[in-house]
Amino acid sequence: MRWVSVLVLGLWPVLLSNAVGAVSQPSAPGPIISGRDFAGLDLPVQAQPGDASFQARGGWAWADGDARRLLLEDDVRVSIAGHEFRADRAVAWIEPRGAGASRSWLIAVYFENVRSPLGSARFSQSARRLLLTGSVTGGVRLAVALLDRGRPEGHPLVDEGERRLAQRLTELLAAGATPRPSSGFGPFDRAFVEAFGEPAPIDPDAPIFPRRGVVTFDAPNRTLVTGDDENALALTGGVAVEYRDLEADRTLALTAHNAVVFLAPGSVAQTLRAGPGEVRGVYLEGAVVATDGEFTVRGPRVYYDVANDRAVMLDAVFRAYDESRRMPLVVRAQAIRQEALGQWEAQRATVSNVGFAEPHLALGARSVRLTRAPSPGGPTRNLVSARGVSLRLGRTPILPLPRYEGEFDAQRLPRVRVGTKDGDAVIQTKWDFASIAGLAPDSPVQGDLLLDGYVARGAAGGVDLSWATPEAFGSVLAYYIHDSGVDRFTTGAEAGPPQRDRGLVLAEHLWDLTDRWSLRLQGSYISDEAFVDAFFEPIAEVGPETISRAALARRGERSLVLVEAAGTFNDFTPNEYLLQSRGYQVQRAEASVRTVGASFFDGRLTYFGASRAGLIEPVFVEPAVRRFGFLSPAIAQAGFGLNPGQSLADALRAGGFREQGVARFDTRHELTAALDAGPVRVAPFAIGRLTAYGDDFAEFRAARGQGERESNRLWAAVGATVSTAVTRVYNGVESDLLDLHRLRHVLQPSATVFTSVSNVDAETLPVFDETVESLAEGSVLRAGITSAWQTKRGGPGAWRNVDWLVVRAEYVYSTDDTTRESSVARFFQTRPELSRLGEFAAADARLALTDAVGVVASGIYDLENDEVDSASVGAVIDHGYGFASFFEVRRIDAAGIDSTFLNLGGSYELSARYALGAAAVLDLEDSAVEALEFEIRRRFPQWTLEVGVSYDNVREDVALGVQIRPWGGPRDRLRNSLTRERFFDAPGAARGRPGSPYLP
């Protein structure tokens, strides 16, 4: 056994051993020493003033008893009360010691390949293994770029470190170490990182060498040359120079083969310690490394002009880490000048996200200005301002850029997609709008400039922007094309565009005027009815209603006052759910007041109320259905019951509907009681509703040939819900196969009785709002049960509760006088009057068989027609070794639809560089393939090449896509290519900013 004595200026005893001995446990009733925590023992170390900080590029955090644990990997830097250590990897233990004003932190760190050349300029130590124990009175800081939660089971260094700490604790116990009271961390969650805090944000304009610091320097060979005006200290044979800012607790460490320190005249050099005022400059050469823990600069020659607070590095490489994006920032340049603590200027530079000698993909620039600036409530940001920019593949420029402004983010680089769309070859590009427009890095406007080229259609362009301030946020999606091509619809039909100049503008803005008042503005204009289906199909399928509105709202603690006006600039709607349901949009000018959950009699009685009044007017869809792609009589009749040349407006007018404004007042009031009888809760409720229409409404209904001329509807309902919960715990359940460790069964039965009456038949009312005119009538009985089995998973120190199996089932019976509004019935417990009634049974289940296998199923059975209206079952399976798959079978047998579809697919990580993915949609009724997709991905050090082929049998479209995706952090892995966010599928909202609300 070889011992290495580590000098820490007399602060702590430190034990070093290259061998890991066996752990001998003391006999009961002594503490159980496992090495996972300090076993309640107090170490014979004195708490030192100062902080402890742990930094690394990757790591894990977890809890073991009272200890908070860390495993740090890759560029590990640990500072204990100002004394720094570097290592390849490290395991750390942190426990509170004492309480209140006398609280300190008990710390142990087990290093692998540790070195401390910068801990003190005079002394340098290194060891293959080192166990360090100590205590500090300050804070504990954690800065890990990629931090995973949970214990890394089976990690050799963790196991080795625990054996070493257990050996040390056993020796201390034998020597008479005493127990200490547990201070406790409390719940282990994000507070572990946040409570310790991050390093204080830097001021980018602060000086490099404040006058309140100390400079020390050391080397094996030292030669002092004196002069009348200046002294020079020549250092050779391996140099260490350190500047320590005593107030900010910041250290700048410099190492090199040789150095020259220029000093003011005097004998200060004899002490190897000086203040910044006595050191005029430092020149270093030969493998120079400069770092302060936040950044690192490497180069052959570096000069620090201490007197003028400047620095210049030749042929240098600057490296920092972007914690929010989990990726490094590397700048290579012929010359880098540091102008302040957080500001650098580089000439003829490249900016990349890996530290290889020559990056595969980089941003080249004539000049780059880098600013490391704090962000409110977040980590330090790396702001880049570049001129003369080009995207480079190796050393070859492949895409010129006018400029680059902002944080170095892969999403801000140009993105290019080459492929086909509806059979038309297309090149689609996205450019960061803020960079192109030269906006400030902290500009609230973010988003993309869209520049596309269609071989058959022509050039197209637009913007997808969002903005956010503390008082407001909003977005706009605008797109234009002079179209000379052919539209291919979702139905598979083809037709020429109705006009050549085509486009859309969709925008919204929400402004918080005060804490109570807010204003929402929304605008929508679309050139023609076929444009959205041809270019932005997701808007048609799942986007919000494309309407223009202005709404002023006042929020109270339990109330909302809303005044709004809504209308449309088009005589059509692209939203497929509106075309398939009522077939028109509704303009309105309306005011409403809502009260939610007002409590009385100590919460035993709750009131909900809503009242609205205004003018409403339907806007019919005028274009013929063939303009939406329903060109054949069979398809048009199946979709709308119309011929291709007919319109929904014609059908509505033929049915007696009119496009005229109708005044409407609606008020709804609900009282709900909460009565407990032991474990059973009974919640009776009563609802009353009045809807009054203007005088024109009677004429409106008469035009439809209806005898009823009543303009006021009275609707009332009463009911009650009975519920309870029964819980039983099975502590003896253990199954490694199913990953079950204890089992808790929660059974929640409930029943609802509901009956309503109205003086007006709901079928005679035109539906302006589903929540007003389309109300359920009659009597309903619902009986349901939820059964949940919960277990624990995760292992010691990381146990978590998991819903292993959850089954929900319900039966709904409706009397014969209820209105059947939908072929697929559903019951809504919170608003029973909005239910789609009938006699049916529904069930859904969710099974987390293991952490690698999840199964879901659901179904609705129509008891009146004795058939399954809809059913689905699916599973997601992680097979391990980079292979994952999924499948789903979905059947619909309602409203004349008889379809069964099978969705299946999988992904396989062949290696760390290659991954495959495939998916298919099969129509089991027609034995046809609806869609196929195949993708292969090749990961390079900085980017990923993705090649995909897809086939859409509905549109008869074959597409080939090639994408280059800039890579993020070093721990990015090849994920399931079938489930993760796609290149162009997720605008702003999916990237964590407001973004366009119209693209999912």
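In these legends, a contact means heavy atoms within 4.5 Å. Keep in mind throughout that this is a predicted model.

**View 1. Leu690 and the residues it touches.**
Leu690 sits in strand S37, which covers residues 680-693. Setting aside residues up to four places away in sequence, Leu690 touches Phe665, Asp666, Thr667, Arg713 and Leu714. One of these, Asp666, is 24 residues from Leu690 along the chain, yet their C-alpha atoms are separated by 5.7 Å.

**View 2. Arg626 in its loop.**
Go to the loop that runs between strand S34 (605-620) and helix H7 (633-640), and you'll find Arg626. If you skip neighbours within four places in sequence, Arg626 is in contact with Leu631, Pro644 and Gly645. Arg626 is partly exposed, because its relative accessible area is 43%.

**View 3**
Which strands each supply at least two residues of the patch? They are S22 (415-421), S49 (928-939), S50 (943-952) and S51 (957-966). S51 gives the largest share, three residues. Val958 lies in S51, and with a relative accessible area of 52% Val958 is exposed.

**View 4. Asp315, a positive phi in a strand.**
Most residues other than glycine have a negative phi. Asp315 isn't a glycine, but its phi is positive, at about 50 degrees. The residue lies in strand S16, residues 310-322. Asp315 is partly exposed, as its relative accessible area is 46%.

**View 5. Asp866, a positive phi in a loop.**
Here's another non-glycine residue with a positive phi: Asp866, at about 55 degrees. Look for Asp866 in the loop between strand S44 (853-862) and strand S45 (867-880). With a relative accessible area of 56%, Asp866 passes the 50% cut-off and so counts as exposed.

**View 6. Two stretches to treat with care.**
The mean pLDDT of the protein chain is 80, and 83% of its residues reach 70 or more. Over residues 1-29, though, the pLDDT is below 50, and the model gives this stretch 67 contacts beyond near neighbours in sequence. Residues 185-199 also stay under 50, with 39 contacts beyond four places in sequence.

**View 7. Zooming back out.**
For orientation, the protein chain has nine helices and 51 strands. How many of its 1000 residues are buried? The share is 49%. Among contacts between residues at least 6 apart in sequence, 58% join residues at least 24 apart. The accessible surface of the chain comes to about 44,700 Å², and carbon and sulfur atoms account for 56% of that.

How values were computed
Residues numbered from 1 in each chain as written. Predicted model: local features only at pLDDT ≥ 70, side-chain atom pairs only at ≥ 80, totals over all residues. Heavy atoms only, no water. Helix = DSSP H or I, 4+ residues; strand = E, 2+ residues; numbered from the N terminus. Buried < 20%, exposed > 50% of the residue type's maximum accessible area, 1.4 Å probe, protein only. pLDDT = per-residue confidence, 0-100. Areas by Shrake-Rupley, 256 points an atom, 1.4 Å probe, with all protein chains shown as cover.
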